[in-house]
Amino acid sequence: MRLIADRLGGDRGSEIVFSDISFSLAQGDGLVVTGANGSGKSTLLRVMAGLLPVARGSIRLEDGGEFEDVAAACHYLGHENGMKTALTVTENLLFWQDFLGAPRLAPDEALEAVGLDGIGHLPFGYLSTGQRRRSSIARLLVSHRPIWLLDEPTAGLDKASERRLAGLMTAHLAEGGILVAATHLPLGVEGMQALEMEVL
Ligand SMILES: Nc1ncnc2c1ncn2[C@@H]1O[C@H](COP(=O)(O)OP(=O)(O)OP(=O)(O)O)[C@@H](O)[C@H]1O
């Protein structure tokens, strides 16, 4: 499997946000996307996830097996956590597992992996900011997707949670996954490629 961006461009409204972005990621490869506020990091991830149209160039998946394209092969973790506040954490994770298919860890196991064992019965709306982020990271673990697109995944995390997330990302790469993460902070994952976006 290979994820290829070829002279990719993205717009917001009628404005060009980025253009001519090219990279090629094989299994086990990670890419850290950095750049000033407004340089287009979130836009790039949303274009890759199929949530915004490709304006120029292409993003494609080679040898994707059962996955037709990058959108089908990816977990996308955006700024929003994508969880219903009135449902319990476990109910949210079961919803996503059912929706995404390809079950991997059970909700309890996924919560344990992010250090949140014992809180599955609580409504998501009761959780602190960091606990909400960690529950959303648990979403990556309940269904299998070979590509993780993570937008500022460490936002709101304490140091121990940052280290735990670094371990999960490292394990994902070691298992042959592909990772693209937009961040302002070091992620603590060795050997990732780097892409610095510029404000146009
Ligand atoms: N819905 C929208 N409509 C029009 N312009 C938008 C929209 N969303 C974002 N933009 C603009 O697109 C540009 C890129 O925004 P984007 O969120 O991708 O940047 P970013 O690099 O992720 O920034 P940050 O570091 O602040 O998260 C900004 O100039 C922003 O104002």
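Student: Which residues have the most contacts inside the largest nonpolar core?

Tutor: Those are M48, A138 and L149, in a core of 46 residues. A nonpolar core here is a set of buried Ala, Val, Leu, Ile, Met, Phe, Trp, Tyr and Cys residues joined through C-beta atoms within 7 Å, and buried stands for 20 or more other C-beta atoms within 10 Å of a residue's own, exposed for 12 or fewer, and partly exposed for values in between, with C-beta atoms placed from the backbone. This is a predicted model, in which local features need pLDDT of at least 70 and side-chain atom pairs count only at pLDDT 80 or more, while totals for chains, interfaces and linings use all residues. Residues are numbered from 1 along each chain as its sequence is written.

Student: OK, and what does M48 touch?

Tutor: Leaving out residues up to four places away in sequence, M48 touches I59, V70, L149 and V180, where contact requires C-beta atoms, placed from the backbone, within 7 Å.

Student: What's the strand order in the open sheet?

Tutor: The order is β5-β6-β7-β3-β8, five strands with parallel pairing; strands are DSSP runs of E with at least two residues, helices are runs of H or I with at least four, and both are numbered from the N terminus. Two strands pair if DSSP finds at least two bridges between them.

Student: Which strands stand at the edges?

Tutor: β5 (74–77) and β8 do, and because each has a single partner strand, one side of each is left without a neighbour in the sheet.

Student: And how many bridges does β3 make with β7?

Tutor: Strand β3 (residues 30–35) pairs with β7 (residues 178–182) over four bridges in the parallel sense, with G30 opposite L179 and V32 opposite A181. On the β8 side (residues 193–197), five bridges join the parallel strands, and V32 stands opposite A194 there.

Student: Switching topic, which residues are around the ligand?

Tutor: They are R12, G13, V17, G35, N37, G38, S39, G40, K41, S42 and T43, counted as near when the C-beta atom, placed from the backbone, lies within 6 Å. Helix α1 (residues 41–48) gives the most to this shell, with three residues.

Terms used. Two residues are in contact if their C-beta atoms, placed from the backbone, lie within 7 Å.
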